Amino acid sequence: MIIIKSDSEIDLMRESGKVTGFILKELENFIRPGLSTADVDRFVEKTIRGAGMIPTFKGYGGFPASACVSINEEVVHGIPSKKRILREGDIVSVDVGATYKGYVSDAARTYPVGEVSDVAKHLMQATKDSFFAGLEYCKVGCRLSDISHAIQVSAESEGFSVIRDFVGHGVGQEMHEDPQIPNFGKAGRGPRLAKGMVFAIEPMICEGTYDVQTLSNEWTVVTLDGKLSAHYENTVVITDGEPELLTLGE
């Protein structure tokens, strides 16, 4: 069941989203060669708690950190570590969730570490572009799979693949609510969108094959061929008009 949020609930999510978006914007200047992924996680947690909010990810299903920090071929759920050092030419995806008065915002970005390859630049831009292609269909009356289809078409038109095993989702009092929102599929299917629906839309796009595997830590997901992956996510509200992005941070 898709939970329709009231205006007051969306107001709470808007406050949470401001902090999540702020963090992701600040990371543009924070991330640099020589940092550990634990340094990134520490910055995220300090900022969330400093705003009087709770890091949604910490302890979720046993996850040990406040941010998922995933490098290069790591698609999602990278566990921060003092031993994982960001190096020139890496790309790093950071996924963040903040909870305010019981309501969650969820968003992610992929960042260059210093100067990166042209392929990495292209992948990161194509991933962001695919999100905004899907956003065009986040309107009352569109069908859920219209979003999925638009993301897939956009990413594949740039020569990249769309991860199949992980998808977007509803978000509210829980980080993962109905519906699931794949980043691929045929248009014109699924429920029609209505005002008050709130989604975490999150293309995960890869340079090579979309096949993945989970590492022995039982969290971190990597591309099977070892090629790059990028992630771009925002919490999105369906309104009477244009969709509202709660976590844009811009």
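Predicted model: local features only at pLDDT ≥ 70, side-chain atom pairs only at ≥ 80, totals over all residues.
Ser161 has Cys206, in strand β10, as its bridge partner. Strand β10 covers residues 204-206, and two bridges join β6 to β10, the two strands running antiparallel.

The sheet itself is open and is formed by three strands in the order β6-β10-β13, with antiparallel pairing. Which strands stand at its edges? They are β6, residues 161-162, and β13, residues 229-231; each has a single partner strand, so one side of each is left without a neighbour in the sheet. As a reminder, strands of a sheet pair through backbone hydrogen bonds, either parallel or antiparallel.

Helix α3 lies across β10 and β13, and the helix runs at about 40 degrees to β13. That brings me to the helices. Two packed helices are described by the angle between their axes and the distance between the axes. For α3, residues 118-135, and α4, residues 144-157, the angle is about 145 degrees and the axes are 7 Å apart. The crossing of these two helices is right-handed. On the α3 side, the contact involves Asp129, Ser130, Ala133 and Gly134; on the α4 side, these meet Ile147, Ala150, Ile151, Ser154 and Ala155.

Next, the hairpin of β4 and β5. Strand β4, residues 91-100, pairs with β5 in the antiparallel sense over 10 bridges. Within that pairing, Ala98 stands opposite Ser105 in β5. The hairpin has two residues between the strands, and Lys101 takes a positive phi near 50 degrees.

I close with the cysteines. How many disulfides does a search of the whole structure find? The search finds zero. Cys138 is in no disulfide, and the nearest cysteine sulfur to that of Cys138, belonging to Cys142, is 8.1 Å away. Cys142 is likewise in no disulfide, with the sulfur of Cys138 as its nearest cysteine sulfur. The cut-off for a disulfide is a pair of cysteine sulfur atoms within 2.5 Å. As to accessibility, Cys138 counts as buried because its relative accessibility is 0%. Cys142 is also buried, with a relative accessible area of 17%, the cut-off for buried being under 20%.

Notes:
Residues numbered from 1 in each chain as written. Heavy atoms only, no water. Axes fitted to C-alpha atoms, helices over the stretch in contact; angles between N-to-C directions. Helix = DSSP H or I, 4+ residues; strand = E, 2+ residues; numbered from the N terminus. Left-handed = near helix turned anticlockwise from the far one by under 90°. Contact = heavy atoms within 4.5 Å. Pairing = 2+ DSSP bridges. Buried < 20%, exposed > 50% of the residue type's maximum accessible area, 1.4 Å probe, protein only.
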